[in-house]
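Welcome! Take a moment to look over the sequence and the 3D structure below, and then we will walk through some of the details together.

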Amino acid sequence: MRRMRSLRAALTAAATAVSALALTAVSGAPAQAATPLPAHVFAPYFESWTGESPAALSAQSGAKHLTMAFLQTATKGSCTAYWNGDTSLPIASASFGADIKTIQGRGGDVIPSLGGYTADTTGTEIADSCSDVDQVAAVYQKVITTYDIPRLDMDIEVDALENSAGIDRRNKAIKKVQDWAAASGRKLEISYTLPTTTQGLAPSGLAVLKSAVTNGAKVDVVNLMTFDYYDNAVHDMAQDTRTAAQGLYNQLAKLYPGRTPAQLWGMIGVTEMPGVDDFGPAETFTLANARQVYDWAVSKGINMISFWALQRDNGSCPGGAAADNCSGIEQNTWDFSRIFAPFTSGSTAPSDDFSLSAAPAAATVAAGSSVSTTVKTAVTAGSARTVNLTVSGAPAGVTASLSPASVTAGGTAALTLTTTTAVVNGTYEITVNGASPSAAHSATYSLTVTGGNGNQCTAAPWASGTVYTGNQQVSHNGHNWKAKWWTTGEEPGTTGEWGVWQDLGAC
């Protein structure tokens with residue numbers, strides 16, 4: 001994946017033990033016992049260079065697992081890796097360590113990713129940069145032991161796909177760190193994130209996996225970048241995900257002939273780009289696409305769903321191009337995360353947990369006025385912990401305030417929503433987020449605004465024979481309506497609160 005702001009064979013048991021001891025001697029770091037990832041996991045990418053807290057965004061979005069991008073060297077030829085190649089962010093507990101522990105304490109985890117577009121085009125991906133296999137392996141081990149994580153991801157694309165020496169070193173280093181982990185009794189998974197065609201891996205990507213087989217490196221997951229096809233075609237992004245994954249399945253079946261169909265599908269991951277991707281509007285991944293991919297992923301039993309990136313999961317730039325911080329389509333904040341979050345299976349309930357609710361949970365207010373509700377928390381397991389509260393989803397013209405902004409579980413806070421006369425009429429879902437050191441929950445408050453200045457029927461009239469897709473708007477019977485997903489022939493106002501059409505208010 002690209003960072004847009006900067007542009008983006010087996011050994012014998014004895015030999016395994018010797019190799020593992022040699023690697024431990026390089027770094028001197030003890031092995032720990034990380035909790036394995038669930039068999040099916042949603043882990044969107046987190047852009048670690050933005051200065052935001054991964055633990056906070058994990059709580060707000062409901063994404064319990066994150067893929068952390070990226071680790072790379074500061075300069076070509078170096079054997080020392082940093083977050084984003086920033087020497088102020090070394091592999092150390094001071095760099096994201098507290099956030100990662102918080103996420104792990106809530107039953108989630110992170111997957112550190114090495115490489116990415118910027119590193120892969122500047123020679124700063126660790127195995128491209130460093131010519132010493134042992135030092136590359138020591139970097140992998142340091143990441144694992146510093147953050148006590150169960151999986152490392154290798155994001156290999158563009159120039160790094162053509163660096164045969166780097167590919168060979170990387171897989172040799174993976175083999176070494178896997179031998180160390182096995183000798184230490186530690187569960188460790190390796191994933192490769194690779195670009196794809198709509199029919200599976202290109203020869204360069206497949207060569208990376210063939211090298212892994214040759215070097216005895218075990219690849220647990222192959223994560224396809226199901227976007228940026230750059231073939232000048234108009235794409236059905238959900239269908240392309242399915243055909244790309246089927247192509248990969250066929251390729252994996254030849255590489256690993258002893259594996260069952262379920263095992264092969266269980267090696268596959270997909271990474272989408274919500275909304276408009278780098279190529280442009282011809283490659284637009286919609287909310288309807290997300291629902292289709294989710295259903296397909298569950299039916300096939302694939303290992304992982306991800307997307308690039310968590311900070312883009314909002315609709316603050318509808319009609320725009322690909323960006324780091326928004327999707328380019330109309331959507332609510334965290335819409336994609338909430339579609340994919342249930343994919344994660346086997347999560348462990350936190351020992352100290354709480355519930356979160358708003359009472360009342362809905363209100364109607366005239367534009368220019370304010371309304372309040374009580375945010376309630378309660379201890380549901382273990383001991384009462386401090387719960388930090390935030391609000392998301394408030395539209396332009398609505399200001400949300402919490403008093404207090406943190407409570408001890410069992411306490412309450414007042415949420416006040418203040419509107420201006422410029423707010424657009426409609427019903428909005430305001431999300432109250434609560435995060436403690438051990439758990440995170442959210443509650444929804446439905447705010448209906450009337451009498452605002454933005455209440456003109458600007459959308460085209462609804463037509464019964466027209467096909468509408470998610471986020472398209474129409475006017476009908478004096479109201480503006482927004483489609484939540486694909487529909488045709490369903491009249492706005494007749495499908496109910498949970499139906500396809502969202503009432504945006506009178507016009």
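**A short tour of the model**

Helix α2 is followed by G62, and the phi angle of this glycine is positive, near 85 degrees. Keep in mind as you read that this is a predicted model.

- Helix α2 is mostly covered, with six of its eight residues buried.
- Those buried residues are P54, A55, L57, S58, A59 and S61.
- What do the buried residues of α2 pack against? They pack against strands β2 (45–47), β3 (65–73), β20 and β21, and against helices α3 and α12.
- Two packed helices are described by the angle between their axes and the distance between the axes.
- For α2 (residues 54–61) and α3 (residues 97–105), the angle is about 30 degrees and the axes are 8 Å apart.
- Angles under 35 degrees count as roughly parallel, and that makes α2 roughly parallel to α3.
- On the α2 side, P54, A55, A56 and S58 take part, and they meet D99, T102 and I103 of α3.
- Sorted by class, this contact of α2 with α3 has four nonpolar, two polar and one charged residues.

- Helix α9 (residues 237–255) and helix α11 (residues 287–300) have axes that come within 8 Å and cross at roughly 30 degrees.
- These two helices are therefore roughly parallel to each other as well.
- Which residues make the contact? From α9 come M237, A238, T241, R242 and A245, while α11 brings N289, Q292, V293 and W296.
- The contact of α9 with α11 divides into five nonpolar, three polar and one charged residues.

**A five-stranded sheet**

- Five strands form an open sheet with mixed pairing, and their order is β14-β21-β20-β16-β18.
- At the edges are β14 (362–366) and β18 (406–408), each of which pairs on one side only.
- From one strand to the next, the twist averages 30 degrees.
- How many bridges join β20 to β21? There are ten, and the two strands, β20 (residues 426–435) and β21 (residues 440–450), run antiparallel.

**D352, a buried aspartate**

- You can find D352 in the loop between α12 (335–340) and β13 (353–359).
- Is D352 buried or exposed? Its relative accessibility is 15%, so D352 counts as buried, as buried means under 20%.
- A polar atom of the D352 side chain lies 2.8 Å from the backbone nitrogen of S383.
- The side chains of D352 and R385 are joined by a polar contact of 2.9 Å.
- Leaving out residues up to four places away in sequence, D352 touches A381, G382, S383, R385, S438 and A439.

- I126 lies in helix α5 (residues 126–129).
- The relative accessible area of I126 is 0%, so it is buried.
- Residues up to four places away in sequence aside, I126 touches T73, S78, C79, T80, L114, V136, V139 and Y140.
- Although I126 and A74 are 52 residues apart in sequence, their C-alpha atoms are 9.7 Å apart in space.

**Backbone details to look for**

- A cis peptide bond joins A69 and F70, with omega at about -10 degrees; F70 is placed in strand β3.
- Another cis peptide bond joins S403 and P404, where omega is about -5 degrees.
- P404 belongs to the loop between β17 (398–403) and β18.
- F96 is a residue other than glycine with a positive phi, near 70 degrees.
- Where is F96 found? It is in the loop between β4 (81–83) and α3, and at 13% relative accessibility F96 counts as buried.
- D148, also a residue other than glycine, has a positive phi near 50 degrees.
- The loop that holds D148 runs between α6 (133–147) and β6 (151–155).

How values were computed:
Residues are numbered from 1 along each chain as its sequence is written. This is a predicted model: local features need pLDDT of at least 70, side-chain atom pairs count only at pLDDT 80 or more; totals for chains, interfaces and linings use all residues. Side-chain values use heavy atoms; hydrogens and water are left out. Two strands pair if DSSP finds at least two bridges between them. Helices (H or I, at least four residues) and strands (E, at least two) are DSSP runs, numbered from the N terminus. Axes are lines fitted to C-alpha atoms, for helices over the stretch in contact, and angles run from 0 to 180 degrees between N-to-C directions. Angles under 35 degrees count as roughly parallel, over 145 as roughly antiparallel, 65 to 115 as roughly perpendicular and the rest as oblique. Contact means heavy atoms within 4.5 Å. Ala, Val, Leu, Ile, Met, Phe, Trp, Tyr, Cys and Pro count as nonpolar, Asp, Glu, Lys and Arg as charged, and the others, Gly among them, as polar. Buried means under 20% relative accessible area, exposed over 50%, partly exposed in between (1.4 Å probe, protein chains only). A polar contact is a pair of N or O atoms within 3.5 Å; within protein, one must be able to donate a hydrogen and the other to accept it, and residues adjacent in sequence count only if both atoms are side-chain atoms.
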